[in-house]
Amino acid sequence: DPGKQWYQRRVRAEEVDNFDIDTEPEASGSKKKEINRKRKAKDSKYGFGGKKKMTKKNTTESYKDVSSFSSRIHSKPKRSAKNDKRKGKPQRPGKSKRANMKNKAKSR
């Protein structure tokens with residue numbers, strides 16, 4: 001059974017991979033990450049960047065303000081029998097109609 005073989009290979013691989021990891025940090029190699037000297041100079045000159053302004057975000061006032069909303073622009077026109085004739089390319093016939101047209105063309 002391939003599933004059983006796969007499982008056995010996996011179990012063997014896990015047995016081989018089980019080794020002890022030292023979780024305590026080494027005393028000799030404990031260095032803090034130093035900030036770049038150039039970065040420190042720019043931070044002192046211009047200030048640390050911090051969080052940006054988020055000018056594109058909606059505020060509660062802008063969210064609630066609907067004065068610029070026009071339903072005439074943002075809605076679909078109502079379809080009536082007069083407007084039902086669609087403009088543009090004629091719609092492609094369905095698969096069975098195309099097959100029938102193809103057979104008719106062959107028989108001529």
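Reader: Which residue forms a salt bridge with D43, and how far apart are the closest N and O atoms?

Author: The partner of D43 is R39, and the closest N and O atoms of this salt bridge are 3.3 Å apart. The term salt bridge is used here for a side-chain nitrogen of Lys or Arg within 4 Å of a carboxyl oxygen of Asp or Glu. Side chains of opposite charge can pair when their charged atoms come close. A search of the whole structure finds one salt bridge.

Some care is needed in reading this, since the model is predicted: local features need pLDDT of at least 70, side-chain atom pairs count only at pLDDT 80 or more, and totals for chains, interfaces and linings use all residues. Residues are numbered from 1 along each chain as its sequence is written, and side-chain values use heavy atoms, with hydrogens and water left out. The value pLDDT is the predictor's confidence in each residue, from 0 to 100; its mean over the protein is 79, and 75% of the residues reach 70 or more.

As for where the pair sits, D43 and R39 are both in helix 2 (residues 37-46), and because they are four residues apart there, about one helical turn separates them. An α-helix has 3.6 residues a turn, so residues three or four places apart point the same way. Helices (H or I, at least four residues) and strands (E, at least two) are DSSP runs, numbered from the N terminus.

The surroundings of the two residues can be described by their relative accessible area, where buried means under 20%, exposed over 50% and partly exposed in between (1.4 Å probe, protein chains only). D43 is partly exposed at 22% relative accessibility, and R39, with a relative accessible area of 42%, is also partly exposed. Of the 108 residues of the protein, 0% count as buried. The accessible surface of the protein comes to about 12,700 Å², of which carbon and sulfur atoms hold 52%, with areas taken from the Shrake-Rupley method with a 1.4 Å probe and, for residues, only the protein chains shown counting as cover.

Among the elements of the protein, helix 4 has the highest mean pLDDT (93), while helix 1 (residues 2-17) has the lowest (77).
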